[in-house]
Amino acid sequence: QVQLVESGGGLVQPGGSLTLSCAASGRIFSINDMGWYRQTPGTQRELVAVISSAGSTYIEDFVRGRFTISRDNAKNTVYLQMNSLKPEDTAIYYCTANIEGFRYTSDYWGQGTQVTVSS
């Protein structure tokens, strides 16, 4: 079984920073793209950032310049460094990864971690 486990969410004041981590474990042959989405109540899950296995990144406009995505392939881990946080960044953040197992390739999701930006 493959699992994605997120950590690093919490409460932070506006202007503050947080770093989210997401580690993949299980029967993994290789990991392709890894990314972060976020969702607020009553809205659809939206892409925040994605990173390829080679390290190419895409950051959505609404967080570009404030958020950075990175990964450690040796640890099967993806990170989201969030700076200059705003109240509108409050959401549940989910990591996702396209993982090649020994039998098939599939997309996996973490359980989500709450980020709350409030004074």
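**Entry 1: Asn-76.** I began with Asn-76, which is partly exposed, with a relative accessible area of 25%. The model I consulted is a predicted one. I looked up where Asn-76 sits and found it in the loop between β7 and β8, the latter spanning residues 77-82. I then read its backbone angle: Asn-76 has a positive phi of about 50°, although it is not a glycine.

**Entry 2: The four-stranded sheet.** I traced an open sheet of four strands and wrote down its order as β1-β3-β8-β7, with antiparallel pairing. At the edges I noted β1 (3-7) and β7 (67-72), each of which pairs on one side only. From one strand to the next, the twist averages 15°. I then turned to the pairing of β1 with β3, the strand of residues 18-25: five bridges join these two, and they run antiparallel. Within this pair I located Ser-7, which stands opposite Ser-21 in β3.

Entry 3: How many bridges join β4 to β5? I found five, between β4 (residues 30-39) and β5 (residues 46-51), and the two strands run antiparallel. Met-34 has Ile-51 in β5 as its bridge partner. The hairpin of β4 and β5 has six residues between the strands, and in it I found Gly-42 with a positive phi near 80°. I followed the chain onward to β6, residues 57-59, which is joined to β5 by three bridges and runs antiparallel to it. For Val-50, I recorded Tyr-58 in β6 as the bridge partner. In the hairpin of β5 and β6 there are five residues between the strands, and Gly-55 takes a positive phi near 100°.

**Entry 4: The disulfide.** I searched for disulfides and found that the structure holds one. It is formed by Cys-22 and Cys-95, whose sulfur atoms are 1.9 Å apart. This pair links distant parts of the chain, with Cys-22 in strand β3 and Cys-95 in strand β9, 73 residues apart. The link of Cys-22 and Cys-95 is right-handed, with 40° about the S-S bond. Are its two cysteines buried or exposed? Cys-22 has 0% relative accessibility and therefore counts as buried. Cys-95, also at 0%, counts as buried as well.

**Entry 5: The largest pocket.** Rolling a probe the size of a water molecule over the atoms shows where empty space is left. The largest pocket holds about 170 Å³ of space. I listed the residues that line it: Gln-1, Val-2, Arg-27, Gly-101, Phe-102, Arg-103, Tyr-104 and Tyr-108. Sorted by class, this lining has four nonpolar, two polar and two charged residues.

Conventions: Residues are numbered from 1 along each chain as its sequence is written. This is a predicted model: local features need pLDDT of at least 70, side-chain atom pairs count only at pLDDT 80 or more; totals for chains, interfaces and linings use all residues. Side-chain values use heavy atoms; hydrogens and water are left out. Two strands pair if DSSP finds at least two bridges between them. Axes are lines fitted to C-alpha atoms, for helices over the stretch in contact, and angles run from 0 to 180 degrees between N-to-C directions. Buried means under 20% relative accessible area, exposed over 50%, partly exposed in between (1.4 Å probe, protein chains only). A disulfide is a pair of cysteine sulfur atoms within 2.5 Å. On a 1 Å grid over the protein atoms alone, a cavity is a set of points where a 1.4 Å probe fits but cannot get out, and a pocket is an open set with protein on both sides within 12 Å along at least five of seven lines; lining residues have an atom within 4 Å of a point. Grid points are joined across faces, edges and corners, and a volume is the space filled by probe spheres set on the points. Ala, Val, Leu, Ile, Met, Phe, Trp, Tyr, Cys and Pro count as nonpolar, Asp, Glu, Lys and Arg as charged, and the others, Gly among them, as polar.
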